[in-house]
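Please keep the sequence and the model in view while going through the numbered points.

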Amino acid sequence: MNSKLGIDQAVYFADEVFGNQGPLPLQVGVSTTYTVVWKAENLYNDAQNVKVRASLPVGVSLTGSVFPEGERVTFDQASREVVWEVGDLSAGTGPFTTAPSVAFQVRLTPTAMQQGSVPQVIGAVNIQADDLFTERSLSATDVSVDTTLPDDNSVSAIMGQVQ
């Protein structure tokens, strides 16, 4: 039986990790920062070579802030992919245990073409790993997040629209 991988992606403006800045509602040409949080889960078998990936849309960039410090989070300019190299993930790591997580900050600068729209902050996230028991490749995904920030109760839908 294969293990069950999971990845949870949430984006916040109001957070205690980095102290985001910028206007809400968004303004053309003015940067706003957000905190992206990824939590990895692995339920049944130990896994190795665990990597998490998501693409940043044009107009979104990393600020360089990562928590906890020392986590292996990189950005590939050519593919616009953010990659978190988790490494090994023990069985039983999930919603009721301390799951490995990482937070990193991104900066979004809306363009005139985005006026009146709700831009994407980050694309869909994918986690991949090798199941050590079944020797099969595993993967799971979570949805992309736009500037309405469904996980951040401090942000209303209108605050995510570019003015």
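1. Val-52 has Trp-84 in strand S6 as its bridge partner. The two strands concerned, S3 (residues 47-55) and S6 (residues 81-89), are antiparallel and are joined by seven bridges. Strands here are DSSP runs (E, at least two residues) and helices are runs of H or I with at least four residues, numbered from the N terminus; two strands count as paired if DSSP finds at least two bridges between them. In general, strands of a sheet pair through backbone hydrogen bonds, in a parallel or an antiparallel manner.

2. A word on the source is needed before going further. The model is predicted: local features need pLDDT of at least 70 and side-chain atom pairs count only at pLDDT 80 or more, while totals for chains, interfaces and linings use all residues. Residues are numbered from 1 along each chain as its sequence is written, and side-chain values use heavy atoms, with hydrogens and water left out.

3. In what order do the five strands of the open sheet stand? The order is S5-S6-S3-S9-S10, and the pairing is antiparallel. Strand S5 (73-76) and S10 are at the edges with a single partner strand each, so one side of each has no neighbour in the sheet. From one strand to the next the twist averages 20° (axes are lines fitted to C-alpha atoms, for helices over the stretch in contact, and angles run from 0 to 180 degrees between N-to-C directions).

4. At the S10 end of this sheet, strand S9 (residues 125-131) runs antiparallel to S10, with six bridges between them. Val-125 is placed opposite Asp-142 of S10. The two strands form a hairpin with five residues between them, and Glu-135 in the turn has a positive phi of about 60°.

5. The two faces of S10 (residues 137-142) deserve a separate look. Leu-138, Ala-140 and Asp-142 make up the covered face, whereas Ser-137, Ser-139 and Thr-141 make up the uncovered one. As a general rule, side chains in a regular strand alternate between the two faces of the sheet.

6. How many salt bridges does a search of the whole structure find? The search finds one, a salt bridge being a side-chain nitrogen of Lys or Arg within 4 Å of a carboxyl oxygen of Asp or Glu. The side chains of Arg-53 and Glu-81 form it, at 3.3 Å from N to O. This pair links distant parts of the chain, with Arg-53 in strand S3 and Glu-81 in strand S6, 28 residues apart. Buried means under 20% relative accessible area, exposed means over 50%, and partly exposed lies in between (1.4 Å probe, protein chains only). Arg-53 counts as partly exposed because its relative accessibility is 26%, and Glu-81, at 22%, is also partly exposed.

7. A further open sheet has four strands in the order S1-S2-S7-S4, with antiparallel pairing. Its edge strands are S1 (5-12) and S4 (60-67), each of which pairs on one side only. Neighbouring strands of this sheet are turned by 25° against each other on average, direction ignored.

8. Within that sheet, S1 and S2 (residues 32-42) are antiparallel and share eight bridges. Gly-6 stands opposite Glu-41 in S2, and Tyr-12 has Thr-35 in S2 as its bridge partner. S1 is mostly covered, six of its eight residues being buried.

9. Which residues touch the most other members of the largest nonpolar core? They are Tyr-34, Trp-38 and Ile-122, in a core of 35 residues. A nonpolar core is a set of buried Ala, Val, Leu, Ile, Met, Phe, Trp, Tyr and Cys residues joined through side-chain atoms within 4.5 Å. S1, S2, S3, S6, S7, S8 (120-122), S9 and S10 each supply at least two residues of this core.

10. Finally, Phe-18 is located in the loop between S1 and S2. Because its relative accessibility is 22%, Phe-18 counts as partly exposed. Leaving aside residues up to four places away in sequence, Phe-18 touches Thr-35, Ser-65, Val-66, Phe-67, Ala-103, Phe-104 and Gln-105; contact means heavy atoms within 4.5 Å. Phe-18 and Val-66 are 48 residues apart along the chain, and their C-alpha atoms are separated by 8.8 Å.
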